[in-house]
Number of protein chains: 2
Amino acid sequence: MSTFELKNTSEISRKGTLSLPHGEIETPFFMPIATKGAVKTMSSKDMKDLGAQILLSNTYHLLLRPGLEQMKQLGGLHKFMNWQGPILTDSGGYQVFSLSKTNKTTEDGVTFRSHINGDKVHLTPELSMQMQSAIGADIVMQFDDVAAGNSTRERYEEAMERSLRWAKRCKESVDPSQKLFGIIQGGTHEDLRKRSAEGLIDIGFDGYAIGGLSVGESREDAYRITKAICKILPEDKPRYFMGGGMPEEIVYYASVGVDMFDCVLPTRNARHGTLFVWDEGEGVFSNEKFYSQIRITNTEYAIDDSPIDPHCTCETCQNYSRAYVRHLFRVNEVLAKKLTTVHNLHFYMKLMKGLRG
Amino acid sequence: MSTFELKNTSEISRKGTLSLPHGEIETPFFMPIATKGAVKTMSSKDMKDLGAQILLSNTYHLLLRPGLEQMKQLGGLHKFMNWQGPILTDSGGYQVFSLSKTNKTTEDGVTFRSHINGDKVHLTPELSMQMQSAIGADIVMQFDDVAAGNSTRERYEEAMERSLRWAKRCKESVDPSQKLFGIIQGGTHEDLRKRSAEGLIDIGFDGYAIGGLSVGESREDAYRITKAICKILPEDKPRYFMGGGMPEEIVYYASVGVDMFDCVLPTRNARHGTLFVWDEGEGVFSNEKFYSQIRITNTEYAIDDSPIDPHCTCETCQNYSRAYVRHLFRVNEVLAKKLTTVHNLHFYMKLMKGLRG
């Protein structure tokens, strides 16, 4: 039985279904980020009410707290956070690179100091697989070597080739009940990306992710690389663009054949009061500009009793005004962040629904 | 038509109904505190789901932000926070005393500097009534002069007598659509309390509040004063114990005839991880010890997959474990505070339901 069933490919997206241990979900989809076992400000019930199909969580954070043995004893993340739907976990590769000041990469793995208490931790492909097994994610990501955004070609090549070797070790040690995705690296070098993709296809994975983009490169480079990669990836496996992006970027990536997305943007922007509003109606998008962003903390909203977005059907827009949300930010009530998180995630959910046609 | 209908007085409580512009509610009741227009971490929908009958908000905070003119333009607090039930507002007297470092009391009112930006504000009985009218609360409290917890008898007497004069000014300036409560002052001096209560009864109010307790005096003093006051208050008016208290204190005060309560304890304790658990079952109370408090952040709960309170029927206990709530505190997820706020307020709601028989 195939995990991924592609039903229809159009100029807009690849419409399909992905069958996972915790449910069948529709592509293309967006994964809200529950880094430490909760989407910030949101309970698992809130995420269900929002219509999220799948959540993303992080091996790195959960390895530090609650820890591997504790996660085993807790019976995995689904039970821990009381979420019945699918979960994807990132492998920790990116977080080791972005969050730990001191890290040393060898062929075996990465040694780093915990950003919480400075404890020395050695993370390897095998340990990442073991932790992701303890978490019990439906989809697990390979542990990869992530080159910084402005690296030399030599460093991109080294990281890409090491990631390939680690991909193999991940495949050899993965919990067979989980779906394992390989991660394509190679910076903005098309030839390196091609070698990376082909190497991963040779090993064979349940899906393929495009990593190492959305890290400061130009949008043109990201579009070019993603389009080129999608052309050589097998049609019958899901493709995942990691860490992106803005709504119009998602529209573009879906149009060239990406099926899965995750991004901190809707939730992080929400917590800072930057909110998405539809220009022409909920779920109405095009390749042109179809939304705006408003700063809800601006004085202009002080006595504005209209909802954040008059087009929006989210819980927040159905019940609360711009003036109230602005007030909550001004008086430091965390409810502000919850209400805006609901709104921005709802925007992304409606965008994805639109992309599914 | 009488506002308050007393249906049954027992050794446990005075069971009755209070008819207010935004609904009829049952006594005795507890008012969760929405200081700045939101119960911390909770939306008005959350409060409705919790079964809260009435919320308490603060004139002082809302006067500073959003402000008097803005509140008028916003159409009042019910519309602003989308809460359909009754609201009681405190007058600002206590907050002027407790939150403003520099304040000067004259016969006219209190001049203080905003704790937010240092702006000079002059709050009078008339301005307090005007602001509470803009808020549109169902029940408004008189503006009072609040003596500190360890004042001399002279200061208590002065504050009590000034509060009486201010009570009169409040009655003369109150919005007639609102129910005005007088506040009994006089520290732990029974004779001063008696004069205060009699003075207020002479003026005539829709209800009577006991102020200036729960400020550091012994529990015996608070019990003695409250019992003595309740004996001289008219039976047909609701009595409100301001700012208290622990569950067993509420049980006591209800038994001597108090009808209304508010306290930061359940919500503040929740946000600090101190949680109420029933000893013998949800809503089972007595004059003896009937509950415990647990510190959910303790290591002993690290892999405890039982709910906070096995007896409890709140949303949190129905869905999440002690281990998960503890984890959320450890990784600084604000969801922790929301889940515990739901739990502790539910405890108080069930206690009040028990007291209503």
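This is a predicted model: local features need pLDDT of at least 70, side-chain atom pairs count only at pLDDT 80 or more; totals for chains, interfaces and linings use all residues.
Figure 1. The centres of domain 1 of chain A and domain 2 of chain A, taken over C-alpha atoms, are 28 Å apart. Domain 1 of chain A spans residues 4–263, and domain 2 of chain A spans residues 269–356.

**Figure 2. Contact between domain 1 and domain 2 of chain A.** On each side of this boundary, 18 residues take part: 18 of domain 1 of chain A are in contact with 18 of domain 2 of chain A. On the domain 1 side, β4 (29–31) and α10 (247–255) of chain A each supply at least two residues. The most, four residues, come from α10(A). By class, the side of domain 1 of chain A that touches domain 2 of chain A has twelve nonpolar, three polar and three charged residues.

**Figure 3. Contact between chain A and chain B.** Here 31 residues of chain A are in contact with 31 residues of chain B. Four elements of chain A give two or more residues to the side that touches chain B: α3 (68–74), α4 (77–81), α13 (322–330) and α14 (335–356). The largest share, five residues, is that of α13(A). The side of chain A that touches chain B divides into 16 nonpolar, eight polar and seven charged residues. Of the interface residues of chain A, 100% are also interface residues in chain B, so the copies meet through the same surface.

**Figure 4. The largest nonpolar core and the surroundings of M31(B).** The largest nonpolar core has 226 residues. Those with the most contacts inside this core are M31 and L55 of chain A, together with M31 and L55 of chain B. In soluble globular proteins, nonpolar side chains tend to be buried together. When residues up to four places away in sequence are not counted, M31(B) touches I54(B), L55(B), L56(B) and L88(B), and also M260(B), F261(B) and D262(B). One of these partners, L55(B), is itself among the residues with the most contacts inside the core.

Key: Residues are numbered from 1 along each chain as its sequence is written. Chains are lettered from A and ligands numbered from 1 in the order in which they are written. Two residues are in contact if their C-beta atoms, placed from the backbone, lie within 7 Å. Ala, Val, Leu, Ile, Met, Phe, Trp, Tyr, Cys and Pro count as nonpolar, Asp, Glu, Lys and Arg as charged, and the others, Gly among them, as polar. Domain bounds come from an automatic or database domain assignment. A nonpolar core is a set of buried Ala, Val, Leu, Ile, Met, Phe, Trp, Tyr and Cys residues joined through C-beta atoms within 7 Å. A residue is buried if 20 or more other C-beta atoms lie within 10 Å of its own, exposed if 12 or fewer, and partly exposed in between; C-beta atoms are placed from the backbone.
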